[in-house]
Amino acid sequence: MHHPLTLLSAALLSALLEEEYHFFVRQGYPAGISAADTHIREAFLITPYKDIASANAHFQHIRFDRRKYIYQTSHPEEEEKLRHAATQPAGYKIYLALIDPEHEIPDPQLVQHVKHYISQYTTWPTEDICIQYALQYGELYLSLKYGDEEIKVPLPAIESY
């Protein structure tokens, strides 16, 4: 699976904390491990929030994920855990729910999947489609726009074409 998300780093975490993000929802992210990652045991995705209500809504959405957790930076020990995660400890890949600027534009192979999907499920022409990544509760979607019309499709559904 294609995953255009950014790896968490100490610099990104510090910037988020400075911007007053105080709640961070962690969830499992199996798509973050590629076949070449033989040394990786597990991948996580961390989504920052400024308010507890939004973090709780995300947490409820992923209620069946056994790796879910909410870090609250008002507790120093939890902020320390986040800082440790930002070091990318051995055996883990920890992503931030942020599209990597180097991967904002879908690669040509994914564009072909989008064109096939569009020809199967819409009446749109396969040219002049605006393709953007979107995230909701840690799930990657593609936002497909043609004129005034827009559809959001889970990335795995597109990749299966």
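Visitor: Is K93 buried, partly exposed or exposed, and at what relative accessibility?

Guide: In this predicted model, a residue counts as buried when its relative accessible area is under 20%. K93 has a relative accessibility of 18%, so this lysine counts as buried.

Visitor: Which side chain does K93 meet in a salt bridge, and where does that partner lie?

Guide: The side chains of K93 and D37 meet in a salt bridge, with a distance of 2.9 Å from N to O. D37 also counts as buried, at 11% relative accessibility. K93 belongs to strand 5, and the pair links distant parts of the chain, 56 residues apart. The partner is therefore D37, in the loop between strand 2 and strand 3, and its relative accessibility of 11% makes it buried.

Visitor: Which parts of the chain does the salt bridge between K115 and E127 tie together?

Guide: The closest N and O atoms of K115 and E127 are 3.2 Å apart. K115 counts as partly exposed at 21% relative accessibility, and E127 counts as partly exposed at 44%. Because the two residues are twelve apart in sequence, the pair ties together helix 4, where K115 lies, and the loop between helix 4 and strand 6, where E127 lies.

Visitor: Why do the buried residues of helix 3 line one face of the helix?

Guide: Helix 3 spans residues 76-85, and E78, L82 and A85 are its buried residues. Seen down the helix axis, these buried residues line one face because they fall within an arc of 60°.

Visitor: Which exposed residues does the face of helix 3 turned away from its buried side carry?

Guide: The buried side of helix 3 is covered by elements including helix 1, strand 2, strand 3, strand 4 and strand 5. On the face turned away from that side, the exposed residues are P76 and E80.

Visitor: Which residue in strand 7 is the bridge partner of C130?

Guide: Strand 6 (residues 130-136) and strand 7 (residues 139-146) run antiparallel and are joined by seven bridges. They form a hairpin with two residues between them, and Y137 in the turn has a positive phi of about 50°. Within this pairing, the partner of C130 is K145.

Methods: Residues numbered from 1 in each chain as written. Predicted model: local features only at pLDDT ≥ 70, side-chain atom pairs only at ≥ 80, totals over all residues. Heavy atoms only, no water. Buried < 20%, exposed > 50% of the residue type's maximum accessible area, 1.4 Å probe, protein only. Helix = DSSP H or I, 4+ residues; strand = E, 2+ residues; numbered from the N terminus. Arc of directions from axis to C-beta. Contact = heavy atoms within 4.5 Å. Pairing = 2+ DSSP bridges. Salt bridge = Lys/Arg side-chain N within 4 Å of Asp/Glu carboxyl O.
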